[in-house]
Amino acid sequence: MSVLVNKNSKIIVQGFTGSEGTFHAEQMIAYGTNIVGGVTPGKGGQEHLGKPVFNTVHEAVEKVNADTTIIFVPPAFAADAIMEAANAGIKVIITITEGIPVADMVKAADYIKDKDCRLVGPNCPGVITPEEAKVGIMPGFVFKKGNIGIVSKSGTLTYEAADQVVRQGLGITTAIGIGGDPIIGTTTKEAVELLINDPETECVVMIGEIGGQLEGDAAKWYKESGSKKPIVGFIAGETAPAGRTMGHAGAIVGGSDDTAQAKKRIMRECGIHVVDSPAEIGIKVKEVMA
């Protein structure tokens, strides 16, 4: 199995004909992802990259049964794109756009909370189920199929963790880049929960950053769940000055539990196998899987 996306997902690209949408859609199609079309208002009826272009998400759902979207819409319009997708019945909304105004995301998050959908991002690298679907901007060649799930706030460390796991002869079920903005859809806890509950995922790699409490919430949920599946955790930013957050706009300072040391302590107390550098991730995963 996988979580969020797989070979049967019917995926559209919002912002399809723009430069970013075009470039990454080409990469996703080349990977084998089931892109069924795209949306660019005013360009409906055309073809782009051999796929149909629609004026609205509703039309894409109606015509090609789209159930998943990836959003490359500019920041000023991206929150509207999220709400449009949710309103049209899209189940998984993956938002790559960086720099969406916080006030816009407050509105979008409130709008979708009662809808039957899951938002990943914004400001995220996307989601990949290796050899089935790459819905994002990650380098697909790094990811090999296997039984390790990855959850990461950092795009770069998502790829690094996957590479470290693959170097140990293992592979990935699904990797989820949750994004680092102040307001995101799927939290670390929710992503970890999806993977822990996936029968084919036998171990989870959880990568966090200084700032905020997402990793602590995930660790506490894991302990309370009683799950026997191991989690390997890493927190980026340990050498940053006190009170500093990572480059993501969303790293929120909330107190003494925000430091790397505090987060690592909480994770260890909750039964997570914590490593001190990304280079140790694959080795530790292999060790706990033995």
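View 1. Gly126 stands opposite Gly136 of S9, in a predicted model where local features need pLDDT of at least 70, side-chain atom pairs count only at pLDDT 80 or more, and totals for chains, interfaces and linings use all residues. Residues are numbered from 1 along each chain as its sequence is written, and side-chain values use heavy atoms, with hydrogens and water left out. Strands are DSSP runs (E, at least two residues), numbered from the N terminus, and two of them pair if DSSP finds at least two bridges between them. S8 (residues 126-129) and S9 (residues 133-136) pair in the antiparallel sense over 4 bridges, forming a hairpin with 3 residues between the strands, where Glu131 in the turn has a positive phi of about 65°.

**View 2. The two faces of S8 and its pairing with S11.** Gly126 and Ile128 point one way from S8, while Val127 and Thr129 point the other way, and all are buried (under 20% relative accessible area, 1.4 Å probe, protein chains only). S8 also pairs in the antiparallel sense with S11 (residues 172-177), over 3 bridges, and the bridge partner of Val127 there is Ile176.

View 3. Counting pairs of cysteine sulfur atoms within 2.5 Å as disulfides gives 0 disulfides. The sulfur of Cys124 lies 14 Å from the closest cysteine sulfur, in Cys117, and is therefore too far for a bond; Cys124 is buried, with a relative accessible area of 3%. The sulfur of Cys270 is likewise too far for a bond, because the closest cysteine sulfur, in Cys203, is 16 Å away.

How values were computed:
Buried < 20%, exposed > 50% of the residue type's maximum accessible area, 1.4 Å probe, protein only.
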